[in-house]
Amino acid sequence: MSGHINFEDLELKFGYSCMPDRLHYYSKEENDFRMEVRRWCETHVAPYAEQIDRNRDKNLAVKILKEMPYLDMLIPEEAGGQGKGILYRTILGEELTAFSYALAGIFGASSCLFAGPIIEFGTSEQKKEYLSGIGDGTKIGAIAITEPTGGSDAIGGMRLKAVREGDYYILNGEKCFITNGSVADYLCMYTITNDQVKQHKGMTAFIFETDTPGFEVIKDFKHMGRRGMPNSHLRFTNCKVPAKNMLHRENEGLEVLLFGLDGERTFTASQYVGLARSAFEVAYRYAHKREQFGKSIYNFEANSFKIAEMYMDIEINRIAMVQIARMLDEGHYLRPTVAALKARIADATVRITQDAVQIVGGLGYSEEYPLERYYRDAKIGQISAGTSEIMRYLITREMIRMWGK
Ligand SMILES: Cc1cc2nc3c(=O)[nH]c(=O)nc-3n(C[C@H](O)[C@H](O)[C@H](O)COP(=O)(O)OP(=O)(O)OC[C@H]3O[C@@H](n4cnc5c(N)ncnc54)[C@H](O)[C@@H]3O)c2cc1C
């Protein structure tokens with residue numbers, strides 16, 4: 001009977017369960033892109049993923065991000081970028097997160113959540129000024145919506161004010177839980193410019209440069225997971241922002257905020273798939289190697305059925321995600337479908353990472369395996385980019401909108 005099985009003994013090549021010969025729902029080009037991203041991650045991310053997590057090493061994570069060849073993915077080809085759509089973003093999201101969820105978060109905040117609204121609403125000057133640095137990795141972006149008073153009710157609870165004075169707006173208030181907040185050069189941020197009307201009618205988006213006097217990082221949060229991805233509490237005291245940095249029109253920030261929301265949620269869902277896949281791959285190999293009661297523990301249905309459940313969730317959720325991403329790329333409105341996808345995969349990923357720890361037992365609970373990291377990482381899927389409860393609430397509202405009462 002073999003003794004403890006070290007993680008290295010599994011001789012695991014991450015991604016083995018997700019090879020092009022089985023991925024018939026992707027085109028050859030899409031599968032080629034997946035394998036290219038995976039190879040990049042194997043060399044540039046895999047050797048450092050544990051270190052980023054253990055040391056909460058945001059500097060290392062940002063350094064790796066800046067070398068990434070996909071930072072200009074969203075930027076249209078005519079503006080010098082790769083101009084890839086949502087489907088390609090989900091492939092990148094799955095592969096990157098299979099190696100480091102922290103890095104995927106940093107990428108998403110900068111290259112998608114910051115860049116996306118500028119690509120859609122920015123003036124040609126704003127695009128020239130703020131996109132090239134994001135695309136070539138010399139600058140980092142972030143999106144700042146959430147405030148201490150506005151989490152799930154981000155718009156109704158928004159209090160950060162921007163008051164016009166000549167050619168400037170003066171910003172006062174706080175933003176919290178901002179991914180990349182402490183390392184960002186630019187923020188795409190939302191403010192209240194008219195407090196005499198309901199927030200959604202008095203909200204304006206700005207591009208904010210973080211070297212503006214009065215900007216302060218209060219702290220980085222020490223979260224249970226996604227360690228190494230900076231997530232910050234920010235304060236703005238009499239910060240002067242040029243009026244030309246307004247995105248879209250005054251008091252029409254809601255349009256900016258809602259634009260691309262479903263694509264972003266689908267991208268976050270792809271990250272949960274990547275995390276679940278890695279947990280599954282470790283548990284599957286381990287269950288075959290580990291022997292107890294004279295046979296491999298895979299022979300006990302309590303374990304193999306858990307692994308079958310993992311397969312069911314990952315396989316079916318990925319296929320649903322691909323279909324949804326393609327429909328979004330075609331321009332369809334899919335708000336409730338995307339909410340369903342996000343909540344389903346987030347919940348499944350928490351379950352899968354938890355079961356993977358269970359299958360590996362004591363070693364799974366230790367830092368000798370990456371499973372405890374995956375388990376800690378998974379929980380955020382049910383909280384950020386809209387909580388699982390808010391996804392369900394949104395579905396209840398959309399059902400009434402679609403079919404009445
Ligand atoms: C790691 C991380 C990264 C993040 N990144 C960013 C970022 O880059 N930019 C940004 O702007 N924000 C970011 N956020 C903020 C994130 O979007 C919010 O945390 C999230 O929207 C929930 O808000 P809250 O934490 O204030 O919880 P609350 O809104 O206070 O909710 C607390 C609980 O109540 C439940 N709840 C609230 N309202 C309802 C309701 N109507 N029905 C049922 N249940 C309800 C929630 O589901 C939750 O379980 C991030 C958060 C984290 C933790």
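Analyst: Exposed means over 50% relative accessible area, buried under 20%, and partly exposed in between (1.4 Å probe, protein chains only). T43 counts as exposed because its relative accessible area is 53%. The model is predicted, so local features need pLDDT of at least 70 and side-chain atom pairs pLDDT 80 or more, whereas totals for chains, interfaces and linings use all residues. Residues are numbered from 1 along each chain as its sequence is written, and side-chain values use heavy atoms, without hydrogens and water.

T43 belongs to helix α1, residues 28-44 (helices are DSSP runs of H or I, at least four residues, numbered from the N terminus), and a polar atom of the T43 side chain lies 3.1 Å from the backbone oxygen of R39.

D57, in the loop between α2 (49-54) and α3 (58-66), is by contrast buried and has no salt bridge (a side-chain nitrogen of Lys or Arg within 4 Å of a carboxyl oxygen of Asp or Glu); the nearest side chain of opposite charge, that of K58, is 9.1 Å away. The D57 side chain does reach the backbone nitrogen of L60, at 3.0 Å. Leaving aside residues up to four places away in sequence, D57 touches Q51, I52 and G228, where contact means heavy atoms within 4.5 Å.

Turning to the helix pair, the axes of α4 (residues 86-99) and α9 (residues 301-329) come within 8 Å and cross at roughly 145°, with axes fitted to C-alpha atoms over the stretch in contact and angles running from 0 to 180 degrees between N-to-C directions. On the α4 side the contact is made by I86, L87, T90 and E94, and on the α9 side by R318, M321, V322, A325, R326, L328 and D329.

Notes:
Helices (H or I, at least four residues) and strands (E, at least two) are DSSP runs, numbered from the N terminus. Lys and Arg count as positive and Asp and Glu as negative; His and the chain ends are not counted. A polar contact is a pair of N or O atoms within 3.5 Å; within protein, one must be able to donate a hydrogen and the other to accept it, and residues adjacent in sequence count only if both atoms are side-chain atoms.
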